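Work through the exercises below with the sequence and the model at hand. Each task is followed by a stepwise solution.

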Amino acid sequence: MRCPFCGSTNDRVTDTRTTEDETVVRRRRECLDCNRRFTTYEKLEANPVMVVKKDGSRQVFDRDKLMQSIMKSCAKRPVSRLQIESIINGVENAAASDFKREISSQVIGEWVLASLRKVDMVAYVRFASVYRDFDDVDSFMKELTALQAGSNQECLEPEEGEAQNLASSSSQIKEP
């Protein structure tokens with residue numbers, strides 16, 4: 001592994017751990033030339049999941065793109081990076097557990113909304129405003145009213161059977 005500080009490939013592994021869901025191996029490494037430490041992650045490379053967009057186009061699922069959109073909705077909110085990672089891991093696991101090569105961006109959006117709703121309501125509304133493309137104040141107020149009333153009719157949940165892994169992982173989100 002190439003050291004990100006000095007570029008040397010001379011290093012040693014000081015610690016190896018798996019994540020809670022045992023899908024990623026985290027390794028702490030020490031460069032033997034500059035003595036600095038860095039972390040690497042190993043993940044099984046699977047066949048990519050294709051996301052079918054609203055316009056019918058297809059893209060490879062991009063974890064970083066999803067991370068950026070969730071982080072924007074959680075800006076200046078008491079939502080930790082660990083919670084955001086957990087939401088994204090839940091989405092990835094739910095998509096992988098369906099064993100589908102393609103998944104609708106709408107389904108992914110609903111999974112994220114269901115998780116954000118449990119974590120932070122303001123982040124939920126922010127994400128929903130972009131995801132559901134609120135085009136006027138009335139549609140925004142309709143969503144807020146539904147949230148205040150606790151109605152599940154206006155705030156859609158993921159389709160039954162598609163997000164069982166997501167539900168279990170997002171309910172276990174804990175603050176560090």
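**Exercise 1: valine 79**

Valine 79 touches Cys74, Ile84, Val119 and Asp120, leaving aside residues up to four places away in sequence; contact means heavy atoms within 4.5 Å. The model is predicted: local features need pLDDT of at least 70, side-chain atom pairs count only at pLDDT 80 or more, and totals for chains, interfaces and linings use all residues. Residues are numbered from 1 along each chain as its sequence is written, and side-chain values use heavy atoms, with hydrogens and water left out.

Task: locate valine 79 and decide whether valine 79 is buried or exposed.

Solution. Step one: valine 79 lies in the loop between helix H1 (63-73) and helix H2 (81-97); helices are DSSP runs of H or I with at least four residues, numbered from the N terminus. Step two: valine 79 counts as buried because its relative accessibility is 12%, where buried means under 20% relative accessible area, exposed over 50% and partly exposed in between (1.4 Å probe, protein chains only).

**Exercise 2: serine 69**

Task: which helix holds serine 69, and what is its accessibility class?

Solution. Step one: serine 69 belongs to helix H1. Step two: with a relative accessible area of 29%, serine 69 is partly exposed. Step three: serine 69 and arginine 126 are 57 residues apart in sequence, and their C-alpha atoms are 10.0 Å apart.

Conventions:
Helix = DSSP H or I, 4+ residues; strand = E, 2+ residues; numbered from the N terminus.
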